[in-house]
Amino acid sequence: MALLSELATEIVIPVCAVIGIAFSLLQWLLVSRVKLTPDRQAPTSANKNGYGDYLIEEEEGINDHNVVLKCAEIQSAISEGATSFLFTEYQYVGVFMIAFAILIFLFLGSVEGFSTKSQPCTYDQQKLCKPALATAIFSTASFLLGAVTSVLSGFLGMKIATYANARTTLEARKGVGKAFITAFRSGAVMGFLLAANGLLFLYIAINLFKLYYGDDWEGLFEAITGYGLGGSSMALFGRVGGGIYTKAADVGADLVGKVERNIPEDDPRNPAVIADNVGDNVGDIAGMGSDLFGSYAEASCAALVVASISSFGINHDFTAMCYPLLISSMGILVCLITTLFATDFFEIKAVKEIEPALKKQLIISTILMTVGIAIVSWVALPSSFTIYNFGTQKVVKNWELFLCVCVGLWAGLIIGFVTEYYTSNAYSPVQDVADSCRTGAATNVIFGLALGYKSVIIPIFAIAVSIFVSFSFAAMYGIAVAALGMLSTIATGLAIDAYGPISDNAGGIAEMAGMSHRIRERTDALDAAGNTTAAIGKGFAIGSAALVSLALFGAFVSRAAISTVDVLTPKVFIGLIVGAMLPYWFSAMTMKSVGSAALKMVEEVRRQFNTIPGIMEGLAKPDYATCVKISTDASIKEMIPPGALVMLTPLIVGTFFGVETLSGVLAGSLVSGVQIAISASNTGGAWDNAKKYIEAGASEHARSLGPKGSEPHKAAVIGDTIGDPLKDTSGPSLNILIKLMAVESLVFAPFFATHGGLLFKIF
């Protein structure tokens, strides 16, 4: 038996979740100490984190009230824009949610004709299990719970980010270290809230469902898979809708503002500037939050489903059953200690320390987590147990499972660092792309695409190695816990990730409030580091999506009672080739949406520049609201078709072509989706940072490429604009496509197994 008793497990998991929530509230409190109201008071003694000192314009020697008021005003405009967009989006998504919940209920209830009698279990015909109707009801409930949690995590993240952006700008007046701490703390609020909420809600759901299911764990954890489906389906709409919103505004603002009118990035004269800053919050923060929450929920669900039909579930060993949740609990504690390294143990004094500090976060959390996993594996697992492996039980030792989780954890770190190497302007790949701008935009595009394709190589090997190792040790369960290993440091990963858009917004606010050049330099430095960390976050999301999707695929194959998936049968092969096409179809939809929305935006921005007199002189205020409305309308309208493509494909394929073809589609979309996602994200990130590299002019080489407005710089801006939909719409949404199709197939597997394959049954 495991060292940790059942009672201890029941206590440890919720306690860790509550600690996570408490810690995030504490960080929120610390951020809120930066005041957005100008107040005159005697400078009190400043302690280390600088709460005591009031806002002094040290360089200029003035405490400009107007600047503070202006910042507060811009912040509330951004916050209102983001809130109203999310509310509009959630109304549409809410309708979809209810419709899909009814679908789940009807499909799963019809498996046994809505009968309320107990049925023989799927995996053990001797025992009686709860009826399919119960699975239908509880799957629907957990779907709704997952959806609500996902929406909540996105919304809270956005609220915190819009709360912190102006505060970061004001802190930048005291120095780069203070601004960094404010941005990072607010990122941490989101990271910990999300990790803790995800864990807590899942844990509560399991315990509530247990009241009905009792000893039927197989049915219980099958119903829990709806939680992952709910989380990811909301994430899809959040990611696609938010991505279209942010990029329509960004592309529109860049093309007219920078290229045609030669005004700086976040200039208040640009009508699309508020929409652009709102976009950072709804796309990169709300979308990213929902996305990683979805990965996290699905990895847990996949692990729990496989465990419920292994010795853990058969012997009703609750502690071992909760191994995935215990890893996540340990992750919260580890990330808590890691966060203190950035905010309290060391202080950042210079610009060049920002990126190393963020990278240290990843390394520290990974090293500490390795120890944490060892402890959890030692106390929670019996020394030897069996894992379900396609019809047979495979004997596994506890140290083997420890290695599975570690492989995932370290693969995540490797993917993160490779992504950083290819997207940070400190290394040669991005500098080569910047250099290619000498000969115009065409060479820039060629170099950027080549960089993206090349950056796929190492991450794919890392994923391949972790799949091989974890599958060899513990079959499908091994892959599921490897994915959880990659996501175990999610709180730190998200903190680093949310830090990017917050500092991006802070820079925008500084520019719009007309702050001095030196402050803008500081926020730019924060933002450049944030760009790279956002790419690292996307790398994590894609890597974990690949593992999660494979684990869900395994659970689906087990559940649908397919013993082997044979590539040589025509049924499966047509699935493979169509599945591999889906990511292209999906990317085409999302990119075209960004393009057409950006077109409307460009026309509107041009119209305002041409018809409102005095905009360029700064005498008249541009009409920001119209631009915000264009982005909102476009993204709501355009997010429906890509979403429908992903949500309907498994249903149509499973119902008409059956489970073999569906397993082909899942494998195909996984294999091609991962490649496109990594290359799209990294190409976009590299173009963006090549442009920033030229703008910053930090080295001799960068200065030779020109100041802003030179020919190479214009070529770089064009590359950046092409890269926008790649890195913020298509790329990040693809990892949701991969996971969502797999988890949806798993939830509907009982239906497909009994009623699926209509076309082949007719012929």
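Helices, here DSSP runs of H or I with at least four residues, and strands, DSSP runs of E with at least two, are numbered from the N terminus. The model is predicted, with local features requiring pLDDT of at least 70 and side-chain atom pairs pLDDT 80 or more, while totals for chains, interfaces and linings use all residues. Residues are numbered from 1 along each chain as its sequence is written, and side-chain values use heavy atoms, without hydrogens or water.

**Packing of helix α4**

- Helix α4 (residues 176-213) packs against helix α5 (residues 217-260) at an angle of about 145°, the axes lying 10 Å apart; axes are lines fitted to C-alpha atoms over the stretch in contact, and angles run from 0 to 180 degrees between N-to-C directions.
- The crossing of α4 and α5 is right-handed, meaning that the near helix is turned clockwise from the far one by less than a right angle.
- Contact (heavy atoms within 4.5 Å) involves residues including Phe201, Leu202 and Phe209 of α4 and Trp217, Leu220 and Phe221 of α5.
- The residues of this contact comprise 12 nonpolar, three polar and one charged; Ala, Val, Leu, Ile, Met, Phe, Trp, Tyr, Cys and Pro count as nonpolar, Asp, Glu, Lys and Arg as charged, and the others, Gly among them, as polar.
- With helix α10 (residues 354-380), α4 makes an angle of about 35°, and the axes are 11 Å apart.
- The crossing of α4 with α10 is right-handed.
- Val176, Phe180 and Phe184 of α4 meet Ile354, Ala357, Leu358 and Gln361 of α10, a set with six nonpolar, one polar and no charged residues.

**Largest cavity**

- The structure holds nine cavities of 30 Å³ or more; a cavity is a set of points on a 1 Å grid over the protein atoms alone where a 1.4 Å probe fits but cannot get out, and lining residues have an atom within 4 Å of a point.
- Of its 13 lining residues, Thr489, Ile490, Gly493, Leu494 and Phe540 lie nearest the centre.
- Helix α15 gives the most to this lining, with four residues.
- The lining has 10 nonpolar, three polar and no charged residues.

- Strands β3 (residues 384-389) and β4 (residues 392-397) run antiparallel and are joined by six bridges; pairing requires at least two DSSP bridges.
- Ser384 has Lys397 of β4 as its bridge partner.
- Two residues separate the strands of the hairpin, and Phe390 in the turn has a positive phi of about 45°.

Methods. 1 Å grid on protein atoms, 1.4 Å probe; cavity = no way out; pocket = protein on both sides within 12 Å on 5 of 7 lines; lining within 4 Å. Points joined across faces, edges and corners; volume = space filled by probe spheres on them.
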